[in-house]
Amino acid sequence: MTNYGAYMGKVLMIDLNTRTLSEYPWTDDDRRRTVGGKIMAGDILLKHVRPGMTAFDEDNWIVITTGPLTGTGSPSTSRFNISTISPQTGLITSSNSGGDFGLMLKRCGYDGCIITGKSETPVHIEISEDEVLFHDASELWGLEVTPTQEALPKGHGANLVIGPAGENKVLYAAVMSGERAHGRGGVGAVFGDKKIKAITAKGFKHPEIKDEEGFRALNRKWSRTLRNHALTGRQVPQLGTAGLVTPMQARNILATKNFTRGQFDGFDKVSGETLAETRLLRNSGCTTCVIQCTRRCEVEGKDVKGPELEILGLMGPNILNDDLDAIIRWNYLIDEMGMDTISTAGTVAFAMELTERGMWDSGLHFGSTEGVDQMIRDIAHREGKGDELANGSKRMAEKFGGMEFAIQAKGMELSAYEPRATFGQGLGYAVSNRGGCHLNAGYLVFAEGLGLDVNGLRPLGKGQLAITFQNLMEAISAAGACLFTSYAVFPSFLFDRPNHPITKVVNWVMPYLAPILFVVNLIYPVLQLQAPFLVPHSAAVEKASGMKLKVGDFLVVGDRGWNTERAANIILGQKPGDDALPKRLTDEKQIPGTGLAVPLKPMLRAFYANRGWINGVPTMLKLKTLGIKVPKGTENLFPGGIF
């Protein structure tokens, strides 16, 4: 139970071995420390993991969590999280989507659900307000995502399902909630290993709101801000994330030919503008979202979710392809197979370069769409050469060579932003807890040309800027809000008037704010104020829950979340030196373009110093300052832990 509003007060625990249920103890103190979402999941997993544990161990837990704003009606807050040990990286992965399952899980009376053990046969778990039922899913096993969802009994509310990729333990298999993917890190493979084909949830409960009048007034203002903002009100609704292709091309950020360069001659054929003008059926979006960024396109006569920036870039320029219809088709096919589009595309590009260099014949070639459709299916079913690609680019490089051009970090393929023109983003890729992720990285590319105009070719200040962005985004995610809402933290004026002297001063001065931000980082707890016009998330949680959560408290939660996941990763085996990028990005100059490579080492030193880490490992002093306790027996893994 809980004394706070916004939360349901229960965390369900399901043991697949015994098919029994229990309630995981989660207190109001835990809620204050973590808020919810991925930070809540990271805290649960830190208490559970042990050295040597792997993704496919029976005692690896799947932790599904919501945020306090999930299901409250706040704008763009239908997000929920799945965390587990990743089969792709061996570390903690957290995968977030805006599907309706999180909303419905809260309506069943649960803030989260933990799944332990393994089922011997395929299972469909049905969650309601009153009970949890286990159904045999043998007849669903082998089905693709849409047929699986259509075969589930009607009236079961929202669902999570896996496709063939999850069943066959493709290391980057996704879990799908409707058309929304929990893609990164291979959570679908862990579902498949536990023989979970589907989870459905249906309930009618609603969270209590402590300050109804204040909460509704804040939501009205927040929605108005998002609708009127240059990015969340115009650019993203009009073009979606696909609208980034053109500015990425202009700034040498558009990954091309497996990240050999940052520009592609045929970029316009796969741009957001071309998509909107020639293929777009309509916009759509997640429940409660005022931004509506989703592109709707036609595939095989069906109205389906269209491509976003990542697959447009990685299955377009990054494989020298300008066939937009092929990308739209592949996007749908990858979702139907239940795979992560980013890792699928990155692995395909790596396989093409292996072929070009004569190191292994994948049958795939840069500039050709031939064989890609079948390869996507073969990856999902682990058939033929697809069985090799199903393991991702890092493991392929370990077998066939080419580690220097396997574009991944910690085993996870990078997203479509070429970091040799955006150094802060390169740092973020390297240090990201879940691997080569643009969002967990802190998305500093937003400041380095895709929103603001901070010089992306200077390492100055990027370590502390990355930390600030990471902590804020971590807290926003924990609250249950979409990370696109973080765009509006920056006043619309900066994007409406890019050439105004004030905007130019802001862009120029940001790298020099590092010492100030470092001090602010140290005194987060004393920032006892609300700034709903910039950071409405903490104010919304405070009004909905009754929890004291000022901006400073909110940033402390984000810092705690980042350090919690890193501590769990250290226990799971992350070593100093694992915060790295492939040599193509750190040792080779971008061709053509800036003529520079990512200066990772000096940025890492600054990042570690500002984080309170030594060689990528949090000190015990840092952990104690944040109230993070590591499991007994693991203290010696952290500097200062032996004293």
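Q: In this predicted model, is Phe469 buried or exposed?
A: The relative accessibility of Phe469 is 11%. The limit for a buried residue is under 20%, so Phe469 counts as buried.

Q: Which residues form a cluster with Phe469 through ring pairs?
A: Phe490, with a relative accessible area of 18%, is buried and belongs to the cluster that contains Phe469. Along with Phe469 and Phe490, the cluster linked by ring pairs holds Phe446, Phe484, Tyr487 and Phe495.

Q: How many aromatic pairs does the structure hold?
A: A pair of aromatic rings is described by the distance of the centres and the angle of the planes. Rings pair if their centres lie within 6.5 Å. The number of aromatic pairs in the structure is 18.

Q: Is the pair of Tyr24 and Trp61 stacked or edge-to-face?
A: The ring centres of Tyr24 and Trp61 are 6.2 Å apart. Their planes stand at 85°. An angle over 60 degrees falls in the edge-to-face class, so the pair of Tyr24 and Trp61 is edge-to-face.

Q: How many residues apart are Tyr24 and Trp61?
A: Tyr24 is in the loop between strand 2 (20-23) and helix 1 (28-34). Trp61 is in the loop between helix 2 (37-48) and strand 3 (62-66). The pair links distant parts of the chain, and the two residues are 37 residues apart.

Q: What is the relative accessible area of Trp61?
A: Tyr24 is buried at a relative accessible area of 12%. Trp61 is buried as well, and its relative accessible area is 13%.

Q: Why is the pair of Phe469 and Phe490 called tilted?
A: The centres of the Phe469 and Phe490 rings lie 6.0 Å apart. Stacked planes are under 30 degrees apart and edge-to-face planes over 60. The pair is tilted because the planes of Phe469 and Phe490 stand at 45°.

Q: Where in the chain is Phe490?
A: Phe469 is in helix 18 (residues 462-479). The pair links parts of the chain 21 residues apart. Phe490 is in the loop between helix 18 and helix 19 (493-496).

Q: Which ring does the charged end of Lys169 sit over?
A: Arg31 lies over the face of Tyr7, at 5.8 Å from the ring centre. Lys169 has its charged end 4.9 Å from a ring centre. That ring belongs to Phe56.

Q: Which strands stand at the edges of the six-stranded open sheet?
A: The six strands run in the order 2-1-6-3-4-5, with mixed pairing. An edge strand has a single partner strand, so one side is left without a neighbour in the sheet. The edge strands here are strand 2 and strand 5 (92-97).

Q: Which residue is the bridge partner of Val63 in strand 4?
A: Strand 3 and strand 4 (residues 80-85) are joined by four bridges in the antiparallel sense. The partner of Val63 in strand 4 is Ser83.

Q: What angle does helix 23 (residues 551-572) make with strand 5?
A: Helix 23 lies across strand 4 and strand 5. Its direction relative to strand 5 is about 140°.

Q: Which helix gives the most to the core of 140 residues?
A: In this largest nonpolar core, Met315, Met339, Leu389 and Tyr417 touch the most other members. The helix that gives the most, with 10 residues, is helix 18.

Q: What is the relative accessible area of Arg584?
A: Arg584 is in helix 24 (residues 583-586). Arg584 is buried, with a relative accessible area of 3%.

Q: Which elements do the buried residues of helix 17 (residues 423-431) pack against?
A: Nine of the nine residues of helix 17 are buried, so the helix is largely enclosed by the rest of the structure. Among them are Phe423, Leu427 and Tyr429. The buried residues pack against strand 16 (408-409), helix 18, helix 23 and helix 25 (600-611).

Note on methods
Residues are numbered from 1 along each chain as its sequence is written. This is a predicted model: local features need pLDDT of at least 70, side-chain atom pairs count only at pLDDT 80 or more; totals for chains, interfaces and linings use all residues. Side-chain values use heavy atoms; hydrogens and water are left out. Buried means under 20% relative accessible area, exposed over 50%, partly exposed in between (1.4 Å probe, protein chains only). A charge sits over a ring if NZ of Lys or CZ of Arg is within 6 Å of the ring centre and within 35 degrees of the ring normal. Two strands pair if DSSP finds at least two bridges between them. Contact means heavy atoms within 4.5 Å. Axes are lines fitted to C-alpha atoms, for helices over the stretch in contact, and angles run from 0 to 180 degrees between N-to-C directions. A nonpolar core is a set of buried Ala, Val, Leu, Ile, Met, Phe, Trp, Tyr and Cys residues joined through side-chain atoms within 4.5 Å.
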